[in-house]
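Please read the points below with the coordinates open beside you. They are arranged so that confidence comes before any local detail.

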Amino acid sequence: MTFTALIFLALAMSTDAFAAAIAKGAALRNPGLPQALRIGLLFGCIETITPIIGWGLGSLAADAIRQWDHWIAFVLLLGLGGRMIWLSFGADEDEESGGSQNLLVLVLTAVATSIDAMAVGVGLAFVDVSIMHAAVAIGIATTTMVTIGVLLGRRLGAAVGRNAERIGGVVLVLVGTTILIEHLQH
């Protein structure tokens, strides 16, 4: 795999996380660069690990992962997006204060948007590529794109006010639905 192909692969793997980060940034209350970078690093670390897991599973689980990856991502993103929409109509509790529940939501979102990277890792087991180089490239691209996405989402959140969480939830549902539709069409 050429360096250029590796860069394009890394950027392609980060697009779902980028969309989710925009939604998250819109729902947060004025996230700054340090918070955006922490979220970016969380997504980037998970996105680095998942292709390695996929590569390790190799041909034994290739069919099972390809068969179910889109459903897993869809259900997780539908649930998380639905939860954000539900909470947007609820009480004014400060959910984004950094509590453990918020961390769990971030981790689940990161895992949901990295399921496709695990499937790509399975495919990489069959080509001449260093899985470590590919995983690190994917992780760096995702960290960068998520950090930028959270900061862009902050601007979106300021523009839409109280509807930001609702819009963010809809975006997550749409990302999950897009993943499902793309995989079902193949």
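This is a predicted model: local features need pLDDT of at least 70, side-chain atom pairs count only at pLDDT 80 or more; totals for chains, interfaces and linings use all residues.

1. Residues are numbered from 1 along each chain as its sequence is written, and side-chain values use heavy atoms, with hydrogens and water left out.

2. On confidence, the protein averages a pLDDT (the predictor's confidence in each residue, from 0 to 100) of 82, and 86% of the residues score at least 70. The mean is highest in helix α2 (residues 33-57), at 94, and lowest in α3, at 76. Over residues 93-98 the pLDDT is below 50, and in the model this stretch has 10 contacts beyond near neighbours in sequence; contact here means heavy atoms within 4.5 Å.

3. As to the fold, the protein has six helices and zero strands, where helices (H or I, at least four residues) and strands (E, at least two) are DSSP runs numbered from the N terminus. Of the contacts in the protein with a separation of 6 or more, 93% are between residues 24 or more positions apart. Of its 186 residues, 45% count as buried, a label that means under 20% relative accessible area, with exposed set at over 50% and partly exposed in between (1.4 Å probe, protein chains only).

4. Helix α1 (residues 3-27) has 25 residues and reaches 36 Å from its first C-alpha to its last, close to the 36 Å expected at 1.5 Å a residue, the expected span being 1.5 Å times one less than the number of residues.

5. For α2, which has 25 residues, the reach from first C-alpha to last is 36 Å, close to the 36 Å expected. Its buried residues include A36, I39, G40, F43, G44 and E47, and just after this helix G58 takes a positive phi of about 50°.

6. Leaving aside neighbours within four places in sequence, L80 is in contact with V105, L108, T109 and L172.

7. Which two residues form an aromatic pair that is edge-to-face? They are W71 and F74, at 6.3 Å centre to centre and 85° between the planes; the rule pairs rings of Phe, Tyr and Trp (its six-membered ring) if their centres lie within 6.5 Å, with planes under 30 degrees apart counted as stacked, over 60 as edge-to-face and the rest as tilted. Both residues lie in helix α3, three residues apart, about one turn of the helix. W71 counts as partly exposed because its relative accessibility is 35%, whereas F74, at 16%, counts as buried.

8. T142 is found in helix α5 (residues 131-160), and it counts as buried because its relative accessibility is 0%. Leaving aside neighbours within four places in sequence, T142 is in contact with M13, S14, A17, F43, G44 and E47.
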